[in-house]
Amino acid sequence: MTFFRNSAEMLSAFLGVIGRLTIFCLIAAMLYEVVARYAFGAPTLWAFDISYMLNGSIFLLGAAYSLREDAHVRIDFLSQKFPLRVQQLLNGLIYLLVMAPIFGAFTWVAGSKAYKAFASGEVEAVSPWAPLVWPFYAVIAIGLLAFALQFALEAIKYLSGEKCPGGTDAELQDLES
């Protein structure tokens, strides 16, 4: 259990760092495009493709880290009326029986799509640049896998009573200020 916990937490943290670094790549690519287009009158073919691929990558690379840090928006106006243990069980069971399997299935689909794109050399069909799409699909699959694993880990934390819904320091500080 400790191995699973440490592995899932490290994967989420690592992908969170990669996602943050990817933001700088997106900024650099968009700055280059703006300067090339408006200063030199030479727009790039790849700017649109890079922007949507990096944006999607940032979103999915950071999803598991956000869940780990309890940074996702929590809509709990009904469940907060329950006793703490009921809230923990409710969160744990929903994460374990609903969210983790759903994102596990998404991971399978995304992984299959990435493999097929790799095997066939699929390119973006509507783009004049026509980049290979398997790296983007692979990032989607990896991000979804980390998200599914983090859901399973968070479920274990809730079910064991180790974690309380909405009990992170950041959330408590926001409420107090």
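**View 1. The whole chain, end to end.** Starting at the N terminus, the elements of the protein chain read α-α-α-α-α. Helices here are DSSP runs of H or I with at least four residues, strands are runs of E with at least two, and both are numbered from the N terminus. That gives five helices and zero strands. The radius of gyration, taken over C-alpha atoms, is 20 Å, well over the 16 Å that the globule rule gives for 177 residues, so the chain is more spread out than a compact globule. (That rule is 2.2 Å times the number of residues to the power 0.38.) Along the principal axes, the C-alpha atoms fill a box of roughly 60 × 45 × 30 Å.

A quick word on the model: it is predicted, so local features need pLDDT of at least 70, side-chain atom pairs count only at pLDDT 80 or more, and totals for chains, interfaces and linings use all residues. Residues are numbered from 1 along each chain as its sequence is written, and side-chain values use heavy atoms, with hydrogens and water left out.

View 2. Helix H1 covers residues 2-39. Its 38 residues should span 56 Å at 1.5 Å a residue, and the end C-alpha atoms sit 55 Å apart, which agrees. (The expected span is 1.5 Å times one less than the number of residues.) Just after H1, glycine 41 takes a positive phi of about 60°.

**View 3. The hidden side chains of H1.** Buried means under 20% relative accessible area, exposed means over 50%, and partly exposed lies in between (1.4 Å probe, protein chains only). Among the buried residues of H1 are Ala8, Ser12, Leu15, Gly19, Leu26 and Ala36. Two glutamates, Glu9 and Glu33, are on that buried list too. What covers the buried residues includes helix H2 (47-68) and helix H4 (134-159). Across the protein chain, buried residues make up 37% of the 177.

**View 4. Aspartate 70, in a loop.** Look between H2 and helix H3 (84-120) to find aspartate 70. This residue is not a glycine, yet its phi is positive, at about 60°. Aspartate 70 is buried, with a relative accessible area of 10%.

**View 5. Alanine 130, another loop residue.** Alanine 130 is found in the loop between H3 and H4. Here too phi is positive, at about 55°, although alanine 130 is not a glycine. With 31% relative accessibility, alanine 130 counts as partly exposed.

Methods
Contact means heavy atoms within 4.5 Å.
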